[in-house]
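Open the model in your viewer and follow the stops below. Each one tells you what to select and what is there.

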Amino acid sequence: MTFKELGLKQEVLDAVASLGFVDPSPIQQEAIPQLLETERDLVGLAQTGTGKTAAFGLPMVNQVDFSSKTTQGLVICPTRELCIQISKDFQQFSRNFRGANIVPVYGGASIDTQVRQLNRGAQIVVATPGRLMDMIKRKRVDLSQVSYVALDEADEMLNMGFKEDIDAILENTPNDKQTWLFSATMPKEVVRIAKNYMDNPIEITVGTKNAASKNIEHHFYKVNDRDRFHGLKRIIDFEPNIYGVIFCRTRRETSEVADKLIKSNYSAEPLHGDLSQAQRDRVMKAFRNKDIQLLVATDVAARGIDVDDITHVINYNLPDEIESYTHRSGRTARAGKKGTSILLLNTRESNKLRFVEKIINSKIDQKKFPTGKDICEKQLMQLIDKVVEVEVKEEQIAPYLSAVDEKLKEFSKEEIITKFVSAEFNRFLSYYENARDINDDSRGGSDRGRGNERRRGDRERGGRDRDRGRDRKPRSDRRERRGDKDNGGFNRNVEGESTTLFLNVGEKDFSDKGHLIRVLCQEGGVAGKNLGKIRMMDNFSFVDVAPKIAGKLLKGINGVEIEGGRKMRAEVSNQ
Ligand code: ADP
Ligand code: MG
């Protein structure tokens, strides 16, 4: 089936052609005619990377009247990155319509600029829930004439706690609008939204419900927690051309893993919410340009990343919401390409494996970490391929050759080859010399065996470290960090009595106490000396503060938008 047969206007067909889309994808084939021909609501389920944006974008652009200035279409999506991506896509789709104005509305950027853009008359608004609610409250956006609402990545929006915002936003839209909901998975909450807000919707499912792409190979490796990083390095070293995303569970873990990779000379960068927007944009640009090979990211920061050609997704640790696994693995195998998704699991996590298998509806094969010898062979071949293919700049190199010739004249051809290969390759050989087996096939494991392994383990330097022995450092780092958490660092006592506050943010939102303290001081307008002991859990925290500033602090921080548009909430704890 062609785009033309779907019933789209010529302007839209031309735009699609200039994007290089030849044929519509399966979800587009099924959804577009329905959205053009019927007035019914629609639920579209298809895995990531299957072209859902165009599946609702093309029919929305096709039906909006661009000669009018009223807002007729609304797209709601979970993150800033996705919001920008979708509005760019929509701007492409509508490029042949005069007067088309697609406006992105998202948190963390100037609201005034966005208001100005809206005032010029936006026929379609693409928004994240938090900022859009703000605009509605300030009466800066008029949704009373909206005919089409698309909820993109509905499952993610619910995961991120946007349920109430979405409820409130939809109340501000007319009853007779059409609601289109797109999602990769169909958890109960999405079913609930579909029931609540939609009137007998058409349901389109492409592929198995909640299933992942057939183009993705899923593998898992069993590893002890203390070998997780070694395991990661082995996998990367065995794939010299890897172009991948490594997912971690928290911001802290993300920056730790990225730091260690960078120190070992890997081409890696972290991407998480503690970075400024400019930093994040820079990292994304470098990754997109393939200036860096590995992106180490949190789920939230990597949401909406639409980079083709990603070869591997590595789950350094599984996400808390296992459903997010399909979002992670969906970063690879985009646009019909193939990809690999890898899980590192310790013995205790075996039960999670079954859960992931259920979600992707297929069995996941166990793989063994490559041995040191496997890796050396692979790297050596890669080096030789590089030598064979290297482009020789005859003219530039000519002036140096006679001196080189002089130095090497006493060696035979064979000797020279061996020496050049060794010069480049010795560091790999010494890394993986004595490399032990890090596959963890123990069921519970015997302590004696482990002790043995550890002793041998100390010899393994691993990685692309030029500086032998550097790998030992993290051990003392780790100790320092632990100390910091338990007593030193920010765990000070506020003088006199203190009030304990409960905050709905934790390690998942802020990489460390310092970051949380900065936010509290800035947003609450209080001095750091008024803050005392801080206990951060994954999802929430307790902070002791001087009673005299508690009220001011609460007022300042309640409702502050954090990454993803979620609102910070704080109250006096009665624990
Ligand atoms: P999803 O929202 O389902 O995860 P996207 O809408 O982000 O997927 O599309 C994934 C990629 O596929 C994008 O790079 C997009 O430009 C491309 N794409 C979408 N539709 C087509 C098509 N019909 N032909 C070729 N490429 C397409
Ligand atoms: Mg999408």
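**Stop 1: the ligand's contacts**

Select ligand 1 and aspartate 23: a nitrogen atom of the ligand is 2.9 Å from a polar backbone atom of aspartate 23. Such a polar contact is a pair of N or O atoms within 3.5 Å; within protein, one must be able to donate a hydrogen and the other to accept it, and residues adjacent in sequence count only if both atoms are side-chain atoms. This is a predicted model, where local features need pLDDT of at least 70, side-chain atom pairs count only at pLDDT 80 or more, and totals for chains, interfaces and linings use all residues. Residues are numbered from 1 along each chain as its sequence is written, chains are lettered from A and ligands numbered from 1 in the order in which they are written, and side-chain values use heavy atoms, with hydrogens and water left out.

Next, pick threonine 50. One of its polar backbone atoms is 3.1 Å from an oxygen atom of ligand 1. Then pick threonine 53. Here an N or O atom in the side chain is 2.7 Å from an oxygen atom of ligand 1. How much of ligand 1 does the protein bury? Taken alone, ligand 1 exposes 570 Å², and the protein buries 79% of that (accessible areas by the Shrake-Rupley method with a 1.4 Å probe).

**Stop 2: the shell**

Now show the 16 residues around ligand 1; Asp23, Gln28, Gly49, Lys52 and Thr53 come nearest (a residue counts as near if one of its heavy atoms lies within 4 Å). Colour the shell by class: 3 residues are nonpolar, 8 polar and 5 charged. Ala, Val, Leu, Ile, Met, Phe, Trp, Tyr, Cys and Pro count as nonpolar, Asp, Glu, Lys and Arg as charged, and the others, Gly among them, as polar.

**Stop 3: the pocket**

Which space does ligand 1 take? It is the second largest pocket (more than half of the ligand's atoms lie within 2 Å of its grid points). A pocket is an open set of points on a 1 Å grid over the protein atoms alone, with protein on both sides within 12 Å along at least five of seven lines; a cavity is a set where a 1.4 Å probe fits but cannot get out; lining residues have an atom within 4 Å of a point.

The second largest pocket has a volume of about 1300 Å³ (the space filled by probe spheres set on the points, which are joined across faces, edges and corners). Of its 47 lining residues, Thr53, Gln85, Asp89, Asp306 and Arg334 are the closest to its centre. Select helix H4 (80-93), one of the elements that give two or more residues to this lining (helices are DSSP runs of H or I, at least four residues, numbered from the N terminus). H4 gives the largest share, 10 residues.
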